[in-house]
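I opened the model to look up its pockets and the contact between its chains, and I kept the notes below as I went.

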Amino acid sequence: MNGLTILPIFIIFPLICVFIILLFKSFASEKTADIVGDILALLVAGVLAATVFTLIGKNGIYQIGLWKIPYGINFYFDGLTWMFLAIINVIAFLTLMFSINYMAVYTYKSQFYALFLLMITGMNGVVLSGDFFNMYVYLEIASIASYALIAFGTERGELEAAFKYIVLGSIGSVLIILSIAFLYANFGLLNMVYIAKTFALSPHSQFMKYVIILFLIGFFIKGAIVPFHGWLPDAHPAAPAPVSAMLSGVVIKVLGLYTILRVVLIVFDFRQITGILMIFGIASVMVGSFMMYKQEDIKRMMAFSSISNVGLILLAFSLGTRLGIFAGLLHIIYHSMMKSLLFLNSGAVYYRMHTRKTGKLGGLSKFMPVTTATGVIGSFSIGGFPPFNGFFSKFLIIYATVAAGKYWLSAVALFGSFLTMVAFMRYMKNTFFAKNHNTAGIEKKDVPFFMKLSMTLLAAMCIVSVALVVPKIRDRVITPAVNVLMNKKIYWNTVLK
Amino acid sequence: MIYVLTIILFLLGLYGVSVKKNLIKVILGFIIMDSAINLMLILIGYRHGGIAPILLKGKSVATFAHKAVDPLPQALVLTSIVIGLGVTALFVAIAIRIYDRYGTLDVTKIRNLRG
């Protein structure tokens with residue numbers, strides 16, 4: 001098992017810490033539980049983020065309980081899994097650092113940490129699992145934790161947003177378990193590698209096409225792809241800022257995009273899906289970009305920008321070429337960093353100004369230097385200015401569409417990028433540099449230390465991660481994932497020699 | 001044929017979630033959808049004239065393998081029932097809080113966020 005025996009730590013460590021935090025909440029005072037929550041959450045996320053980087057380049061499976069597959073369930077680890085594990089754990093670490101100060105104004109901070117660690121457990125499990133039903137269980141764990149986290153402040157807006165998300169998210173989950181039931185009826189087992197091999201060697205029946213469509217709809221609902229995006233513009237603004245950062249930057253990509261990649265593109269090897277992905281990608285880019293404009297709430301604008309960027313990623317994957325897949329994966333990594341930075345930034349603005357409406361903000365550059373600097377870096381990144389990372393990923397996506405000969409996709413991608421750039425330039429000007437007449441009663445200083453530290457680290461990552469395009473680093477980090485997506489045989493050769 | 005009936009039950013649950021105006025009826029619709037999926041999973045594992053999948057002392061493994069119903073969907077359904085329970089509990093808790101804040105359980109009136 002070549003060094004992969006450390007894999008269960010990604011599930012067990014956060015889960016045990018959830019129980020420890022809740023035990024402290026029941027048997028000790030509120031303040032002790034809060035501090036224990038702070039320490040444990042940072043410890044968990046830090047250890048997991050460090051462990052991810054020791055696993056770089058490894059490949060293989062881990063059989064749980066040492067039961068041989070297909071009699072037992074297994075964890076599957078390859079380049080694509082590694083990439084997503086890195087995104088989840090590193091951004092969770094930075095977001096948890098931010099929430100040490102931000103969540104101090106909420107009550108029940110320890111339960112926030114418990115729910116957050118539960119969400120991390122679920123997402124790590126989705127990415128690691130090599131079995132369909134196992135993936136569904138972890139998907140549900142992550143979803144339930146995120147439903148509860150959105151409703152955390154129990155204000156009117158948050159409850160309504162959580163209600164909309166629960167209804168739509170549950171319909172998505174029910175569609176997924178329905179497809180898994182049909183899969184079991186057809187194949188007799190639920191191990192992903194075995195199904196991949198059987199599916200590739202047998203003719204494709206009509207029934208399997210419907211099953212794949214059902215899967216796709218379920219994952220589209222989870223990933224907020226138009227026209228199933230109805231929950232996202234309410235849920236992401238209503239949640240507390242660290243939860244929004246995690247949701248928009250990581251959760252919709254893990255529960256939506258990773259599952260589409262793993263289940264539809266790798267296990268089912270379904271080339272005709274690229275047409276469907278293209279249509280939904282175009283719809284997402286257009287709807288997201290147009291609706292970004294008339295929003296007065298800064299977080300709602302960023303939520304629509306997430307929809308637009310996820311559409312851009314789908315466009316990149318729908319090309320089917322190697323460059324397209326590389327551009328899509330790169331945009332997943334970069335956008336999660338940029339969007340988390342922007343949401344944490346909006347959280348810092350809200351922490352001081354107690355409002356999210358564009359009309360009431362402005363002039364923050366005078367007394368919030370770190371927030372302004374990181375906000376400017378985030379806006380420039382997502383607008384696609386060199387030398388920040390957003391420029392490279394957007395340029396590669398547009399270049400990939402041109403290289404594949406699909407010029408109408410280039411037009412759509414350019415249009416979406418241009419609207420994103422204009423909207424975020426306006427955000428930057430209105431929030432940080434315009435004149436503000438409503439600063440009465442506001443403390444004129446910057447945000448507390450951990451918030452500044454996490455935003456600075458994310459902004460630094462936005463600049464440093466440009467190194468991922470350099471061929472030597474790219475070949476260690478992203479090329480294994482591209483190889484698995486382009487050539488399905490690598491997927492089952494890892495397991496069935 | 002039986003599977004068509006479970007699909008009809010699923011569609012009834014979906015109708016409840018999408019059309020009904022009372023929040024509690026939406027929750028009930030979701031519960032019906034869950035039950036329909038669980039029923040379908042168990043039915044997939046059924047074998048005509050089968051026995052329960054418990055290996056008793058006197059029986060041989062060969063007759064067990066020939067006659068027992070499939071135990072794997074039963075394990076899947078156990079997990080799925082618990083997941084459904086968790087989501088329903090969370091949903092009802094949020095419904096109670098919504099009633100506290102909005103004073104109504106009418107879905108068409110809970111529309112604070114728009115745009």
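How many nonpolar, polar and charged residues does the lining of the largest pocket have? I noted 11 nonpolar, 6 polar and 12 charged residues there, where Ala, Val, Leu, Ile, Met, Phe, Trp, Tyr, Cys and Pro count as nonpolar, Asp, Glu, Lys and Arg as charged, and the others, Gly among them, as polar.

Before going on I wrote down that this is a predicted model, in which local features need pLDDT of at least 70 and side-chain atom pairs count only at pLDDT 80 or more, while totals for chains, interfaces and linings use all residues. Residues are numbered from 1 along each chain as its sequence is written, chains are lettered from A and ligands numbered from 1 in the order in which they are written, and side-chain values use heavy atoms, with hydrogens and water left out.

**Largest pocket.** I read a volume of about 690 Å³, a volume being the space filled by probe spheres set on grid points that are joined across faces, edges and corners. A pocket here is an open set of points on a 1 Å grid over the protein atoms alone, where a 1.4 Å probe fits, with protein on both sides within 12 Å along at least five of seven lines, and lining residues have an atom within 4 Å of a point. Of the 29 lining residues, Pro237(A), Ala238(A), Asp297(A), Tyr350(A) and Arg356(A) are the closest to the centre of the largest pocket. H9(A) gives the largest share of this lining, 4 residues; helices are DSSP runs (H or I, at least four residues) numbered from the N terminus.

**Second largest pocket.** I found about 500 Å³ of space in the second largest pocket, whose 20 lining residues include Arg97(B), one of those nearest its centre. Its lining divides into 15 nonpolar, 4 polar and 1 charged.

**Chain A against chain B.** The contact (heavy atoms within 4.5 Å) takes 37 residues from chain A and 36 residues from chain B. The two chains bury about 3200 Å² between them, 78% of it on carbon and sulfur atoms, counted as the accessible area (1.4 Å probe) lost on being put together, summed over both. In chain A, Arg156(A), Phe163(A) and Tyr184(A) lose the most area to chain B, together 21% of what that side buries.

How values were computed:
Helix = DSSP H or I, 4+ residues; strand = E, 2+ residues; numbered from the N terminus.
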